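Please have the model open while I talk.

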Amino acid sequence: MNMQFDKTILVTGGAGFIGSHLVHRLVQQYPAYKIVNLDNLTYAGNLENIKDIEHYPNYAFERADITNHDQIYALFEQYKFDSVIHLAAESHVDRSISDPLIFIKTNVLGTATLLDAARRFWKGDYEGKLFYHVSTDEVYGSLGNEGFFLEDTPYDPRSPYSASKASSDHLVRAYHHTYKLPVVISNCSNNYGPYQFPEKLLPLFINNIRNNKALPVYGEGINVRDWLYVEDHAAAIDLIFHKGKMGDTYNIGGHNEWRNIDLIRELCRQMDEKLGREVGTSEKLISFVRDRAGHDMRYAIDATKLKEELGWEPSLQFREGLSKTIDWYLSNQEWLDNVTSGAYQKYYEQQYAVA
Ligand code: NAD
Ligand code: TYD
């Protein structure tokens with residue numbers, strides 16, 4: 001243990017969407033913890049997301065690749081981490097369909113590399129140690145109209161992204177069973193909020209509405225997602241990190257299911273109001289395009305365990321969270337313009353040219 005701090009926590013992927021919210025929260029709420037943010041700044045990682053906490057004395061940033069064992073082990077030796085909260089991943093389903101192997105490398109090999117560095121560095125002395133793996137509800141597959149994902153729902157991943165996350169979850173459990181590595185896993189539903197890369201539905205559509213561009217709705221727009229405000233996810237991770245039962249899994253979700261088309265119509269309505277446009281203007285941008293290959297129909301989380309065991313509940317109503325989110329993107333146009341220049345343009349042309 002680092003004598004200056006109560007804990008030294010390695011957070012991976014802290015320059016990404018959810019990771020940056022978590023890093024903000026931990027750095028500001030726990031001055032007695034040293035937070036080391038490890039990220040190799042792929043297209044999805046952005047130091048702008050964490051600029052305002054760079055100067056905190058309990059914060060450090062390390063640019064490193066989670067698939068590089070030597071780099072990772074050297075950082076364990078340097079900082080003597082007692083905890084890991086692992087979020088770094090390739091995270092976009094569409095990209096996993098066009099380029100699956102990088103998902104296998106980052107999400108499977110990267111997680112294995114971190115697990116093995118922790119195992120070798122902690123050497124069986126697990127007092128005060130924890131490896132927290134942040135995962136997705138997509139590992140459970142796709143639901144019909146009825147039912148919810150529970151912690152013991154059998155895994156049935158169906159995209160290269162969800163299969164790579166499922167593999168990483170299995171590895172985490174295998175390290176727990178084989179080496180007794182102290183682990184905890186959470187599987188969360190779709191997040192939304194500030195700092196999300198605009199390849200994902202909500203920031204993409206907010207940006208397109210702002211620029212009067214078409215809104216490419218896959219298939220008939222009838223797929224259902226369960227949306228959670230990103231800060232509620234960060235709060236759940238904080239709680240599970242401190243109070244979760246070793247070796248356990250917790251589902252995190254918003255009890256907030258929306259068909260894509262209904263969500264998009266609500267977004268259009270709020271944006272017309274905020275932009276002072278005539279009601280119905282943004283809806284005219286909706287354009288139904290070819291469906292995503294293997295598009296999962298419905299995700300819905302039952303988060304009863306987290307509520308009953310640890311007392312967590314989402315704090316924000318969805319319409320309020322959506323309004324806050326739109327306001328953030330509209331008042332951070334420079335952030336959006338920066339991340340949508342360069343390589344993003346090429347991605348966008350490729351992804352939507354054939355759609
Ligand atoms: P994101 O794509 O916004 O961020 C991922 C971060 O990981 C980026 O900063 C990127 O630079 C970094 N990274 C990628 N490859 C790396 C590597 N090889 N080495 C080091 N860093 C690397 O993703 P997100 O939406 O913030 O998701 C974070 C985690 O939460 C992921 O594990 C994802 O599977 C999980 N999750 C996401 C959602 C969601 O709705 N976004 C829901 C549930 C779970
Ligand atoms: P996304 O934000 O990519 O998250 P995930 O695929 O992990 O759930 O997509 C959310 C939903 O929106 C999903 O059903 C796919 C759909 N979608 C579109 O209809 N058009 C788009 O351009 C995108 C990116 C997503």
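Arg 95 counts as buried, because its relative accessibility is 17% and the cut-off for that label is under 20%. Please keep in mind, as I go on, that this is a predicted model. Arg 95 sits in helix α3, which covers residues 93-98, and its side chain makes a polar contact of 3.1 Å with the side chain of Tyr 43. Leaving aside residues up to four places away in sequence, Arg 95 touches Tyr 43, Pro 100, Phe 103, Phe 197, Glu 199 and Tyr 347.

Let me turn to ligand 1, which is surrounded by 28 residues, the closest being Ile 18, Asp 39, Ser 91, Tyr 161 and Lys 165. By class, the residues of this shell divide into 13 nonpolar, 12 polar and three charged. As for where they come from, α1 (17-29), β5 (130-136), α5 (160-179) and β7 (190-192) each supply at least two residues of the shell, and β5 gives the most, with three.

Which atoms of the protein lie close to the oxygen atoms of ligand 1? In the side chain of Lys 165, an N or O atom is 2.6 Å from an oxygen atom of the ligand, while for Phe 17 a backbone N or O atom lies 3.0 Å from a ligand oxygen, and for Ala 89 the corresponding backbone distance is 3.5 Å. On its own, ligand 1 has 840 Å² of accessible area, and the protein covers 96% of that.

Conventions: Residues numbered from 1 in each chain as written. Chains lettered and ligands numbered in written order. Predicted model: local features only at pLDDT ≥ 70, side-chain atom pairs only at ≥ 80, totals over all residues. Heavy atoms only, no water. Near = heavy atom within 4 Å. Polar contact = N/O pair within 3.5 Å; in protein donor to acceptor, adjacent residues only side chain to side chain. Areas by Shrake-Rupley, 256 points an atom, 1.4 Å probe, with all protein chains shown as cover. Helix = DSSP H or I, 4+ residues; strand = E, 2+ residues; numbered from the N terminus. Nonpolar A, V, L, I, M, F, W, Y, C, P; charged D, E, K, R; others polar. Buried < 20%, exposed > 50% of the residue type's maximum accessible area, 1.4 Å probe, protein only. Contact = heavy atoms within 4.5 Å.
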